[in-house]
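Have a look at the structure first.

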Amino acid sequence: MEMSRERFEELVGEALDEVPEELLGLMNNVVILVEDDPPPGEVDLLGLYEGHALTERGWDYSGVLPDRIFIYRHPILRICDNDEDVIDEVAVTVVHEIAHHFGIDDARLHSLGWG
């Protein structure tokens, strides 16, 4: 599957638009980035959350760089057959990584169908 970076970034934006406003309002000190490829050795990684989940932040959490959510374009495009597949996979990946920001682990996400 091929798709321009610009179109892929639009899909990430559209997926974010679908996240309830109440949840977006609770997100704190986090940025969402689109990258073409994941880190070396992680070729199948679709997304990644780097940072301190909201549930792990204590009184001493201050002056830190923003957490980062990465959405990886090439791995997502590799597993998709058409535009609809990409739209669905981007949405699932965005929700999955945002959930990590709220402290939800992979096991729980898989049990909820967001793995």
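This is a predicted model: local features need pLDDT of at least 70, side-chain atom pairs count only at pLDDT 80 or more; totals for chains, interfaces and linings use all residues.

Let's start with the strands. Three of them make up an open sheet, ordered β1-β3-β2, and the pairing is mixed. The edges belong to β1 (30-35) and β2 (47-50): each has a single partner strand, so one side of each has no neighbour in the sheet. On average, neighbouring strands are turned by 15° against each other, ignoring direction.

Now for the pairing of β1 with β3 (residues 67-72): the two run parallel and are joined by six bridges.

Two helices to look at here. Helix α1 (residues 5-17) packs on the sheet and touches β1 and β3, with its direction at about 150° to that of β1.

Helix α4 (residues 83-101) also packs on the sheet, where it touches β1, β2 and β3. The direction of α4 makes about 160° with that of β3.

## Arginine 57

Is arginine 57 buried or exposed? This residue lies in the loop between β2 and β3, and its relative accessible area is 17%; that is under the 20% cut-off, so it counts as buried.

Who are its neighbours? Leaving out residues up to four places away in sequence, arginine 57 touches Asn28, Asn29, Tyr49, His52, Asp67 and His101. With aspartate 67 there is a polar contact between the side chains, at 2.6 Å.

Conventions
Residues are numbered from 1 along each chain as its sequence is written. Side-chain values use heavy atoms; hydrogens and water are left out. Two strands pair if DSSP finds at least two bridges between them. Helices (H or I, at least four residues) and strands (E, at least two) are DSSP runs, numbered from the N terminus. Axes are lines fitted to C-alpha atoms, for helices over the stretch in contact, and angles run from 0 to 180 degrees between N-to-C directions. Contact means heavy atoms within 4.5 Å. Buried means under 20% relative accessible area, exposed over 50%, partly exposed in between (1.4 Å probe, protein chains only). A polar contact is a pair of N or O atoms within 3.5 Å; within protein, one must be able to donate a hydrogen and the other to accept it, and residues adjacent in sequence count only if both atoms are side-chain atoms.
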